[in-house]
Amino acid sequence: VMPSMAVLDVAQTYHHQRRAVKAVRQATFDVFPGENFAIVGESGCGKSTLTRILAWLEIPEKGDIELFGQSLSFLPKKQLVKLRQQFQLLLQDPFNSLPPRMTIGRMIAEPLLIHQRLGKAQLRERVLAAMAEVGLDPALHDHLALNLNGAQRQRIAIARALILSPKLIILDETLSSLDPGEQQKLLELFDRLQKKHGLTYIFISHDLAMVRRSCDRIAVMYLGEMVEVTDNQTLFSNPGHPYTRALLSAVSTLEDNPFAASEYLLEGEPPSPIDVPQGCAFRTRCPRAMEICASVSPTLDRREGAAGYTACHLNRRPPAVESPLTRGLA
Ligand code: SF4
Ligand code: MG
C-alpha cells in the first residue's frame with residue numbers, strides 16, 4: 001500500500017543567538033490510508049516543529065515529505081497549492097486569531113473561496129452540507145462565532161477543514177482543551193467522517209489516554225527524534241523503549257497500565273535541544289543506561305521479538321540485518 005504520508009529522514013535546526021537549536025533531529029515514518037497515527041512526547045520534544053513541517057508550513061532543512069507519493073520539496077508551486085487541499089491542519093484553539101465579526105458560514109466557506117470558484121448558492125449549499133456533517137445547527141450559518149464554546153468552535157474548524165474534501169487531517173492537540181465528554185463526541189465524529197470519506201488522521205498529542213482509545217499506531221518522540229514507533233497494543237502493554245515506559249508510568253488515567261508506579265519514573269527535565277547529550281539522548285534520564293549509551297547513538301531499528309521499531313541498545317538486533325533509516329516503518 002502506498003502511504004498517505006511518508007516522512008523521510010526529516011530534521012530541522014533553528015539558529016538563535018548564534019546557537020543551534022536542534023528541534024527535530026530525526027523523523028522517519030509512514031502513515032497509511034485510513035489509519036489513526038499518533039505522535040506523542042513531552043512538551044519541547046519537537047512535536048510542534050514536526051507538526052508545522054507535516055502541514056508543510058515550514059520546510060525542513062533536511063529530508064522530505066511525500067504525500068500520496070508526491071514529494072513536497074520537489075513539487076512545482078502550482079501543484080503544491082492543489083495538493084494542499086488534500087491535507088488539513090486542525091489546531092487546539094481554532095479561531096483565536098480570526099476576525100470576531102465574521103459569520104460562521106463565512107469562516108467555513110473561506111477555504112472554498114480561496115481554492116474554488118463557486119456561485120453564491122452553490123457555496124451556501126456546500127457550507128450547509130459541511131455543517132450538517134459535523135453536527136452544527138444550520139441556523140448558525142449567519143451567526144457570529146462570538147459566543148460559541150470550545151467544542152462548537154472545534155466543530156466549525158472541522159467543517160472548514162472538511163470543505164475541500166481532504167484525504168489527510170493533522171490534529172494538533174485538537175481535543176486537549178475539551179472536557180472528556182466533548183472529547184468523546186468529537187472522537188466519534190472523527191470516526192464517522194473517517195469511515196465515510198476514507199480519511200487518514202495524524203494526532204499530535206500528549207494525552208496518552210486519548211491516544212490509546214483512538215490511535216492504531218504511535219510514534220514516541222524524545223528530544224527531536226523518534227525513539228519508538230509501534231502499534232497501539234504493543235505500545236501500551238509491552239513498549240520497547242525505556243522512555244515509553246517512563247511516559248506510561250507517569251499517566252495515572254490509563255487502565256490496566258503495567259507501568260503504573262514502576263521503576264521507570266521520569267526524573268528531571270529533558271536536556272536542552274541546544275545541548276543534546278552524546279550517544280543516546282535519553283541516557284541522562286534512563287534507569288537502564290549502560291556504558292555504550294554514552295558513546296553510541298542508537299538507531300531506530302526493528303525490535304527483536306516484538307512489533308515495531310525502537311532506538312535503544314537494549315533492543316538491538318545483530319548488525320547488518322537491514323538499514324534502519326529507509327522506508328516502511330510499518
Ligand atoms: Fe537507555 Fe541506553 Fe536504551 Fe538510551 S540506549 S534508552 S540510555 S538503555
Ligand atoms: Mg510543543
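Two strands pair if DSSP finds at least two bridges between them. Strands (E, at least two residues) and helices (H or I, at least four) are DSSP runs, numbered from the N terminus.

**Ground rules.** I'm looking at a predicted model, where local features need pLDDT of at least 70, side-chain atom pairs count only at pLDDT 80 or more, and totals for chains, interfaces and linings use all residues. Residues are numbered from 1 along each chain as its sequence is written, while chains are lettered from A and ligands numbered from 1 in the order in which they are written.

**Strands.** I looked up E1 (residues 5-16) and found it paired with E4 (residues 62-67), antiparallel, over 5 bridges. Valine 7 sits opposite isoleucine 65 in E4. E4 is also joined to E5 (residues 70-71) by 2 bridges, again antiparallel. There, glutamate 66 has serine 71 in E5 as its bridge partner. E4 and E5 make a hairpin with 2 residues between them. I noted phenylalanine 68 in that turn, with a positive phi of about 50 degrees.

**Domains.** Next I checked how the chain is divided: domain 1 is 5-86 + 166-315, and domain 2 is 97-163. These bounds come from an automatic or database domain assignment. Taken over C-alpha atoms, the two centres are 31 Å apart.

**Two helices.** I then turned to H3 (residues 104-115) and H5 (residues 150-162), whose axes come within 7 Å and cross at roughly 35 degrees. Axes here are lines fitted to C-alpha atoms, for helices over the stretch in contact, with angles from 0 to 180 degrees between N-to-C directions. From H3, Ile104, Met107, Ile108, Glu110 and Pro111 meet Ile156, Ala159 and Arg160 of H5. I get 6 nonpolar, no polar and 2 charged residues for this contact. Ala, Val, Leu, Ile, Met, Phe, Trp, Tyr, Cys and Pro count as nonpolar, Asp, Glu, Lys and Arg as charged, and the others, Gly among them, as polar.

Note on methods: Two residues are in contact if their C-beta atoms, placed from the backbone, lie within 7 Å.
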